[in-house]
Amino acid sequence: SVFAIAQTPDGYLCVGTQEGLVRFDGVRFTNLEDKRTPEFRHASIKALIASRDGSLWIATDANGLTKYKAGQFVHYTESDGLPSNQTRCLLETRDGAIWIGTEGGLSRLKEGKFTSFTEKNGLADVSIRGLCEDHRGVVRIATRRGLSGLSPDGSISTLNFGLGAVANALKSVCEDRAGNLWVSSNEGVTARGAQGDILYTVNEGLPDILATFLYRDSADRIWAGTYNGLACFVAGKVVARPLNEAGLGDLVKVGFQDG
């Protein structure tokens, strides 16, 4: 299974799988391994980002965080300051900081130092599934108990979606150009704007109520993966169809735009 895709500045496409990291050069796939970190070799890769300094950041299921740059690997674990070795999602903010969502809270890596945030700091929950930076510089944090927001001044607040725990067990978050926040959960996809919430389920054309990732492309279209295919939102309408109608499969776990 593929969980993450990222393109590095040198043009290579990196793919995170259940059995480690591979690189695609347009012709062939090559395993990326490091003899000094054997635990990373067959790790389940949960997230990838290519940062502006040319580094590839790799979040793994149980082995912490790894940085790959110029052929060198640097490995970070709880002993270095991560709140948990179960890393789930990654984000680079405009100030160059790397944010890591884990099963033990949120961590920021800046200038070589980790700063962590948990429920003691105001997070809704320490199980983090998705991250994005909004137009105001607020880091939006999708947790299993709502959407927390960490403001530039350090304050944390939380938005709730729907009724009960299922709706608030969020899996992903993104923001469109109009400033609307989009979140995915096991009850569908919700867009929150100035006029309130819009919930998209199978009744509105979503291929499946179980929504996985969210992604905003360069044309400001919001894409959502589900357990039964891919959905695209344009002007408030679901215009995509389930991938299995074309024989392409069901569960969609990741999205990526080349270029």
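**Exercise 1. A loop residue**

Is Asp220 buried, partly exposed or exposed? Work it out, then describe its backbone.

*Solution.* 
- The model is a predicted one.
- Start with the place: Asp220 sits in the loop between strand 21 (211-216) and strand 22 (222-226).
- Take the accessibility next. Asp220 has a relative accessibility of 23%.
- Apply the cut-offs. Buried means under 20% and exposed means over 50%, with partly exposed in between.
- Asp220 therefore counts as partly exposed, at 23%.
- Turn to the backbone. Asp220 is not a glycine, yet its phi is positive, about 70°.
- Most residues other than glycine have a negative phi.

**Exercise 2. Another positive phi**

*Solution.* 
- Ala235 lies in the loop between strand 23 and strand 24 (237-238).
- Its phi is about 55°, a positive value in a residue that is not a glycine.
- Ala235 has 81% relative accessibility, so Ala235 counts as exposed.

**Exercise 3. A strand residue**

In which strand is Ala231?

*Solution.* 
- Ala231 belongs to strand 23.
- The relative accessible area of Ala231 is 0%, so this residue is buried.
- Now compare sequence with space. Ala231 and Leu214 are 17 residues apart in sequence. From C-alpha to C-alpha, Ala231 and Leu214 are 9.6 Å apart.

**Exercise 4. The whole chain**

*Solution.* 
- Count the elements. The chain has two helices and 24 strands.
- Check burial. Of the 259 residues, 46% are buried.
- Residues 24 or more positions apart account for 39% of them.
- Finish with the surface. The chain exposes about 12,400 Å². Carbon and sulfur atoms supply 47% of that area.

**Exercise 5. The second largest pocket**

How much space lies in the second largest pocket? Then describe its lining.

*Solution.* 
- The second largest pocket holds about 230 Å³ of space.
- Its lining has 18 residues. Closest to the centre are Asp176, Asn180, Trp182, Ala191 and Gly236.
- Next, assign elements. Strand 19 (188-193), strand 20 (196-200) and strand 23 (229-234) each give two or more residues to the lining.
- Strand 19 gives the largest share, three residues.
- The lining divides into nine nonpolar, five polar and four charged residues.

**Exercise 6. Salt bridges**

How many salt bridges does the structure hold?

*Solution.* 
- The structure holds twelve salt bridges.
- Arg52 pairs with Glu92, with the closest N and O atoms 3.8 Å apart. The cut-off for a salt bridge is within 4 Å, so this pair qualifies.
- This pair links distant parts of the chain, 40 residues apart. Arg52 is in the loop between strand 5 (45-50) and strand 6 (56-60), and Glu92 is in strand 9 (residues 87-92).
- Arg52 is exposed, with a relative accessible area of 55%.
- Asp95 pairs with Lys110 at 3.4 Å, N to O. Here the partners are 15 residues apart and again link distant parts of the chain. Asp95 is in the loop between strand 9 and strand 10 (98-102), whereas Lys110 is in strand 11 (residues 105-110).
- Asp95 is partly exposed at 45% relative accessibility. Lys110 is also partly exposed, at 34%.
- Asp197 meets Arg192 in a salt bridge of 2.6 Å, N to O. Asp197 counts as partly exposed, with 40% relative accessibility.
- For the network, take Asp61, Arg88, Glu103 and Arg129. Salt bridges link these four residues.

**Exercise 7. A serine and its contacts**

Is Ser44 buried or exposed?

*Solution.* 
- Ser44 lies in the loop between helix 1 (38-41) and strand 5.
- Its relative accessible area is 17%. The cut-off for buried is under 20%, so Ser44 is buried.
- Leave out residues up to four places away in sequence. Ser44 then touches Phe3, Thr17, Gln18, Ala59, Thr60 and Asp61.
- Link this to the previous exercise. Asp61, a contact of Ser44, is one of the residues in the salt-bridge network.

Definitions and conventions:
Residues numbered from 1 in each chain as written. Predicted model: local features only at pLDDT ≥ 70, side-chain atom pairs only at ≥ 80, totals over all residues. Heavy atoms only, no water. Helix = DSSP H or I, 4+ residues; strand = E, 2+ residues; numbered from the N terminus. Buried < 20%, exposed > 50% of the residue type's maximum accessible area, 1.4 Å probe, protein only. Contact = heavy atoms within 4.5 Å. Areas by Shrake-Rupley, 256 points an atom, 1.4 Å probe, with all protein chains shown as cover. 1 Å grid on protein atoms, 1.4 Å probe; cavity = no way out; pocket = protein on both sides within 12 Å on 5 of 7 lines; lining within 4 Å. Points joined across faces, edges and corners; volume = space filled by probe spheres on them. Nonpolar A, V, L, I, M, F, W, Y, C, P; charged D, E, K, R; others polar. Salt bridge = Lys/Arg side-chain N within 4 Å of Asp/Glu carboxyl O.
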